[in-house]
Amino acid sequence: MTNLTGRRPGPPSSPYGTHARGRLPDQRRGVPSHVAGYDRPDRSRRPVRRAGRRRRVALIPWLFLAPALLLFVYFKLLPLLQAIKMSFYDVRPYLGDRYVGLGNYVEVTTQPLFTKAIWQTLVLAIGTTAGSIVLGFLLAILVEGQARHLWLVRTAAFLPVVTTMAVVAEVWRVMYYPGGTGALNTLLSWVGVGPQPFLASEHQSLASVMVVGIWRGAPYDMMIFLAGLASVDRNLYEASAVDGAKRQDRFRHVTLPALRPVITILFLLAALRGLRSFTEVFLLTNGAPNGSSEVIMTLIYKLGAEQGKLGVAAAGAMVLFLAIATVTLAVNTWRRRVAAR
């Protein structure tokens with residue numbers, strides 16, 4: 001369609017002049033867009049803003065953890081570093097420390113008193129670990145179920161865990177009274193066994209302390225076992241029963257494989273608890289009689305706090321730390337290999 005002059009009408013007019021292919025005249029002449037009167041959003045800055053936002057979001061959990069981390073560094077990490085340093089020195093508070101190299105470690109690993117304490121610590125750790133796991137598993141089997149009265153039994157069995165160790169030790173000291181009127185000796189007299197010295201005997205003191213450790217650690221293991229038994233698929237029991245498997249076969253082929261991760265964790269926790277035994281030994285016997293129940297923790301305490309041999313005590317603490325780290329790494333390595341099969 002043409003007008004009276006014979007020309008085609010152009011695009012409608014605008015305040016900026018005629019349009020050409022949707023661009024303003026200033027843009028056709030190469031004028032930047034912000035000079036032309038409007039700005040386009042700068043999309044090149046969006047990845048930078050998103051990265052900054054991600055960093056801020058990732059920083060939020062660390063802000064919540066900061067108070068606990070500061071306390072951990074101040075009360076755990078710094079004392080550990082100080083103990084490592086002290087283990088290479090003859091610590092003399094008023095005369096100045098004297099560097100002795102590995103002399104403290106040589107004394108720790110060769111002195112008969114230390115070697116005896118290390119051996120008794122291993123025996124106590126193995127005994128309490130095995131005993132608490134076995135007894136905890138038996139208790140878990142006995143109290144497993146949905147019956148209403150079982151909550152009372154579980155609560156009563158769990159009381160030793162939440163009871164202060166000082167109270168537990170005092171109760172067991174009364175029960176271990178070596179006279180004929182003692183609680184345990186009275187029970188033994190009913191079956192024809194004479195009075196036993198228990199804590200007062202060099203041959204029975206370590207075993208008596210071990211019994212207390214098992215009694216206190218088994219309820220904790222019981223609760224972990226109960227959680228593991230609750231996670232076992234009940235359909236596996238029904239399927240094995242349909243296939244004709246007996247109760248012991250179901251226990252061996254269904255229950256134990258399902259509880260393998262739980263047993264691994266409990267073994268690690270119980271072993272660490274046994275290696276770090278201090279309170280029960282200190283309150284029950286304090287290493288007596290004649291060092292027959294001495295463990296490395298009580299010996300470290302005596303050397304550092306009572307005799308002032310801080311360097312030797314720090315070396316003993318480092319030996320114990322290395323033993324605990326070795327057990328932890330060995331159990332974790334074994335668990336990974338079992339899981340990879």
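Biologist: Are helices α14 and α15 roughly parallel or roughly antiparallel to each other?

Modeller: Two packed helices are described by the angle between their axes and the distance between the axes. In this predicted model, α14 (residues 296–306) and α15 (residues 310–340) pack at about 160 degrees, with axes 8 Å apart. They are therefore roughly antiparallel (over 145 degrees; under 35 is roughly parallel, 65 to 115 roughly perpendicular, the rest oblique). Axes are lines fitted to C-alpha atoms over the stretch in contact, with angles from 0 to 180 degrees between N-to-C directions; helices are DSSP runs (H or I) of at least four residues, numbered from the N terminus.

Biologist: Which residues of α14 and α15 make the contact?

Modeller: On α14 they are I296, M297, I300, L303 and G304; on α15 they are L310, V312, A313, G316, A317 and L320. Contact means heavy atoms within 4.5 Å.

Biologist: Which side chain meets R273 in a salt bridge?

Modeller: A salt bridge has a side-chain nitrogen of Lys or Arg within 4 Å of a carboxyl oxygen of Asp or Glu. R273 pairs with D221 at 3.8 Å, N to O. R273 lies in α12 (residues 260–275) and D221 in α9 (residues 205–230), so the pair ties together parts 52 residues apart in sequence. D221 is buried at 1% relative accessible area (buried is under 20%, exposed over 50%, partly exposed in between, with a 1.4 Å probe and protein chains only). R273 is partly exposed, at 30%.

Biologist: Where do D249 and R252 lie?

Modeller: Both are in α11 (residues 247–258), three residues apart, about one turn of the helix.

Biologist: What do the residue numbers and values rest on?

Modeller: Residues are numbered from 1 along each chain as its sequence is written, and side-chain values use heavy atoms, without hydrogens and water. Local features need pLDDT of at least 70 and side-chain atom pairs 80 or more, while totals for chains, interfaces and linings use all residues.

Conventions
Helices (H or I, at least four residues) and strands (E, at least two) are DSSP runs, numbered from the N terminus.
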